[in-house]
Amino acid sequence: MSSSIYHFFKNLVDNKDALESITKLDDFDFDVNILSCKRVGQFPDLAIRICKDDELFEGGELVELKDSKSYTVSSFNSTIPTGRKQIAKVIRGKNSEVLRKMIEAGDNISDLPEREVFYLIRGKSKGRTKIVLVHGSFFETVKVSELIAKSFSQVLRENMESGKTRFDDETKAILETLFSEQTSFSKVRNVENASVKLRFRIMTEVKAEGNILNTKKYHEILDDTLNLILPSHSENEDQLNLDKMNVVFDNLNSFKIFQVKHHFNGNFLVFQTAI
């Protein structure tokens with residue numbers, strides 16, 4: 001059985017009424033036959049099985065669920081959104097829950113070291129609903145390391161401008177490098193004689209320009225629709241995505257197919273259907 005984000009999207013389309021009406025997105029009856037992992041509250045919420053011996057589909061995509069009672073994408077807690085992610089950074093240690101579940105599902109994680117990342121986002125406003133399954137590159141318009149480093153650089157600059165402290169250029173560069181990796185923040189810090197441990201967490205909030213649910217910024221994403229949103233860098237890439245969709249769906253007549261232009265990150269291909 002083939003498995004990929006396209007097959008996952010078909011499961012959503014086939015059950016779009018339930019997807020729209022259920023109280024919690026977590027409660028949706030996802031097709032377990034195409035999943036290698038399902039859990040709640042930690043990235044990834046879902047992982048697609050690796051598609052072995054298939055020339056068209058790769059599979060292995062990671063999916064995070066985002067539910068909102070408005071047309072605002074809810075915050076990303078701890079994990080900064082990305083388009084691709086090294087599976088080694090998701091699976092930490094031999095006792096990892098993700099690793100155990102993937103092995104039980106028959107996946108060899110080393111078969112696909114880097115995974116595509118998608119976000120299944122549902123927003124509700126005034127009795128209307130927008131649902132998008134969007135590639136993570138929609139939110140990753142600046143590399144994560146650069147995002148963290150430049151954010152930390154702002155802290156250094158603000159302190160220098162206020163006269164609280166001074167750094168020479170070399171020290172400033174070293175500090176920016178040290179804090180350019182998210183792991184610098186996510187580790188638990190144990191201080192001698194302290195009765196508590198400390199862990200810094202990064203919370204990522206989406207700007208209006210990156211909010212795919214925002215009607216003013218992305219008016220093409222209509223109320224009461226379900227959308228698959230993929231990067232569109234070339235005609236060849238678009239054609240490949242069309243070929244994959246034509247294999248998974250009997251026909252695409254029920255879809256409106258068009259491009260939407262990201263304010264920072266080029267074009268994206270949209271497959272839209274009413275719910």
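The model is predicted, so local features need pLDDT of at least 70 and side-chain atom pairs count only at pLDDT 80 or more, while totals for chains, interfaces and linings use all residues. Residues are numbered from 1 along each chain as its sequence is written, and side-chain values use heavy atoms, with hydrogens and water left out.

Let's start with β9, which spans residues 225-231. Helices (H or I, at least four residues) and strands (E, at least two) are DSSP runs here, numbered from the N terminus. Strand β9 is mostly covered, with seven of its seven residues buried. Buried means under 20% relative accessible area, exposed means over 50%, and partly exposed is in between (1.4 Å probe, protein chains only).

Which strands pair with β9? Pairing takes at least two DSSP bridges between two strands. Strand β7 (residues 128-135) runs parallel to β9, joined by five bridges, and K130 stands opposite T225 in that pairing. Strand β11 (residues 266-274) runs antiparallel to β9, with seven bridges between them; here L230 faces L269 as its opposite number.

**Salt bridges**

How many salt bridges does a search of the whole structure find? It turns up ten, counting a side-chain nitrogen of Lys or Arg within 4 Å of a carboxyl oxygen of Asp or Glu. As background, side chains of opposite charge can pair when their charged atoms come close.

| Pair | N to O distance |
|---|---|
| E20 and K124 | 3.4 Å |
| K101 and E97 | 3.2 Å |
| D224 and R128 | 2.6 Å |

The E20 and K124 salt bridge ties distant parts of the chain together: E20 sits in helix α2 (residues 16-21) and K124 in strand β6 (residues 114-125), 104 residues apart. Both ends are partly exposed, E20 at 24% relative accessibility and K124 at 26%.

R128 is partly exposed, at 38% relative accessibility.

E97 is partly exposed, with a relative accessible area of 30%. Salt bridges that share partners also bring R39 in, joining R39, E97 and K101 into one network.

**Cysteines**

What about disulfides? A search of the whole structure finds zero, taking a disulfide as a pair of cysteine sulfur atoms within 2.5 Å. C37 counts as buried at 3% relative accessibility, and C51 is buried too, at 9%.

**Around Q86**

Finally, Q86 lies in strand β5 (residues 84-86) and is partly exposed, with a relative accessible area of 35%. Which residues does Q86 touch, not counting those up to four places away in sequence? They are P113 and E114, where contact means heavy atoms within 4.5 Å. Q86 and E114 are 28 residues apart along the chain, yet their C-alpha atoms are separated by 4.4 Å. Their side chains are also joined by a polar contact of 3.3 Å. A polar contact is a pair of N or O atoms within 3.5 Å; within protein, one must be able to donate a hydrogen and the other to accept it, and residues adjacent in sequence count only if both atoms are side-chain atoms.
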